[in-house]
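Subject: Structure for you to look at

Hi,

Here is the structure I promised to pass on. Please open it alongside this message, and have a look around before you read my notes.

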Amino acid sequence: MTALTEIPVETTVDPVLAVRDVRIRGQVDGREIVKGVSFTLAPGKVVGIVGESGSGKTMTCRAVLGILPPRFEVADGAIHVAGQDVSALSQAELTELRGSTISAVFQDPASYLNPSIPVGKQVAEVVKVKKGFGRRAARQRALELLAAVRLRDPELVYGQYAHELSGGMLQRVLIAAAIAADPRVLIADEATTALDVTVQAEILDLLADLRDDSGLALVVVSHDLAVVAQLCDEVLVMRDGEVVEQGPTSRVLYQPEHEYTRLLISEHEQYGLDRFLAREGS
Ligand SMILES: Nc1ncnc2c1ncn2[C@@H]1O[C@H](COP(=O)(O)OP(=O)(O)OP(=O)(O)O)[C@@H](O)[C@H]1O
């Protein structure tokens, strides 16, 4: 009889996000602005999307979140979130999916907060709506979330208004709101772009901790290769709606095959990517 230990163990984990040959088209002029993007994301993994402005990074994310702007459509391909084909979902089901299974933070956090409601209350509101908590429990959970994103005095921050907080603190509040319903995927679209280098590094560390502690899978969109180098397992390089190169981050950064990737790397060397590459290689 075969010993149990000799039976091969299935190690493949179901992806939490699978994007297959997605094409996005403007319905007015028929222009294809994303021309076939594919990747899969397993729990606890991080995929990065880099490329110049207008290359289709944000539109790809918006398609994944089911929030393309009016008159844009996914013309071809498929998106599965936690095994569900998003094209088969109703608006109500998509709304339910957002926040609870897949969530996002963008640049300019202040614009996502109501200026006249204390920020903690806004996080508590997400907990109430998405988790069905009562008022007191939602407040308690919001305080825990503010602590989890390493805001130093959660009680104080809870009652503050957006204009009283720095950009880095606001981004932490937004991350707290984004993870309030325990999503499995978080999209960070240029989430650290507007922040100074030290605060950016702190937010990237925070995202890495969330990945390590809860198996959160991340999609990190950035025009900054150094950000992607720090966090991502796999990277997609986009230009004009096309993925010109894709693969494990270390391979793409060490042995870029595409001329455009080489250009991006040389442009970033002055921002410290060279230091990252030296550390990885040593
Ligand atoms: N709301 C919109 N209405 C019309 N066109 C849009 C809209 N948003 C994006 N586009 C167009 O879609 C294309 C892809 O834009 P997208 O925002 O995805 O690029 P990106 O790579 O995220 O750039 P950036 O780094 O500047 O955010 C661009 O040609 C852009 O002009």
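Below is what I found, starting with the overall layout and ending with a few single residues.

Please keep in mind that this is a predicted model.

**Layout**

The chain splits into domain 1 (15–101 + 184–277) and domain 2 (112–182). Taken over C-alpha atoms, the centres of domain 1 and domain 2 are 25 Å apart. Where they meet, 11 residues of domain 1 contact 11 residues of domain 2. On the domain 1 side of that contact, helix H2 (91–100) and helix H7 (197–214) each provide at least two residues. H7 has the largest share of that side, with five residues. Sorted by class, the side of domain 1 that touches domain 2 holds eight nonpolar, two polar and one charged residues.

There is also a database annotation to go with this: UniProt, in an unreviewed entry, puts the feature "domain: ABC transporter" at residues 17–265. In the model, the span 17–265 is 41% helix and 27% strand, and its end C-alpha atoms are 27 Å apart.

**The core**

The largest nonpolar core contains 78 residues, and those with the most contacts inside it are Val 123, Ala 176, Val 185, Val 219 and Val 220. Helix H6 (residues 167–178) contributes the most to this core, namely eight residues. The core takes at least three residues from each of domain 1 and domain 2. As a general point, nonpolar side chains tend to be buried together in soluble globular proteins.

Leaving out residues up to four places away in sequence, Val 219 touches Leu 41, Val 47, Ile 49, Cys 61, Val 185 and Ile 187.

**Around the ligand**

I expect this is the part you will turn to quickly. The residues around the ligand are Ile 33, Gly 51, Ser 53, Gly 54, Ser 55, Gly 56, Lys 57, Thr 58, Met 59, Pro 69 and His 223. Helix H1 (residues 57–65) supplies the largest share of this shell, three residues. By class, the shell around the ligand has three nonpolar, seven polar and one charged residues.

Is Asp 189 buried or exposed? Asp 189 sits in strand E7 (residues 185–189). Asp 189 is buried, because 20 other C-beta atoms lie within 10 Å, and 20 or more is what the cut-off asks for. Not counting residues up to four places away in sequence, Asp 189 touches Thr 58, Cys 61, Ala 104, Phe 106, Gln 107 and Val 221. One of these, Thr 58, is also among the residues around the ligand. For a distance to check on your side, the C-alpha atoms of Asp 189 and Thr 95 are separated by 19 Å, and these residues are 94 apart along the chain.

Asp 21, in strand E1 (residues 17–26), has a positive phi of about 45° although it is not a glycine. Asp 21 counts as exposed, because it has 11 C-beta neighbours inside 10 Å. Asp 182 also has a positive phi, near 55°, and is a residue other than glycine. Asp 182 is placed in the loop between H6 and E7. With 13 C-beta neighbours inside 10 Å, Asp 182 counts as partly exposed.

Happy to talk any of this through once you have had a look.

Best wishes

Notes: Residues are numbered from 1 along each chain as its sequence is written. This is a predicted model: local features need pLDDT of at least 70, side-chain atom pairs count only at pLDDT 80 or more; totals for chains, interfaces and linings use all residues. A nonpolar core is a set of buried Ala, Val, Leu, Ile, Met, Phe, Trp, Tyr and Cys residues joined through C-beta atoms within 7 Å. A residue is buried if 20 or more other C-beta atoms lie within 10 Å of its own, exposed if 12 or fewer, and partly exposed in between; C-beta atoms are placed from the backbone. Helices (H or I, at least four residues) and strands (E, at least two) are DSSP runs, numbered from the N terminus. Domain bounds come from an automatic or database domain assignment. Two residues are in contact if their C-beta atoms, placed from the backbone, lie within 7 Å. A residue is near a molecule or strand if its C-beta atom, placed from the backbone, lies within 6 Å of it. Ala, Val, Leu, Ile, Met, Phe, Trp, Tyr, Cys and Pro count as nonpolar, Asp, Glu, Lys and Arg as charged, and the others, Gly among them, as polar. UniProt positions are given in the numbering used here, feature names are shortened, and annotations may be inferred rather than shown by experiment.
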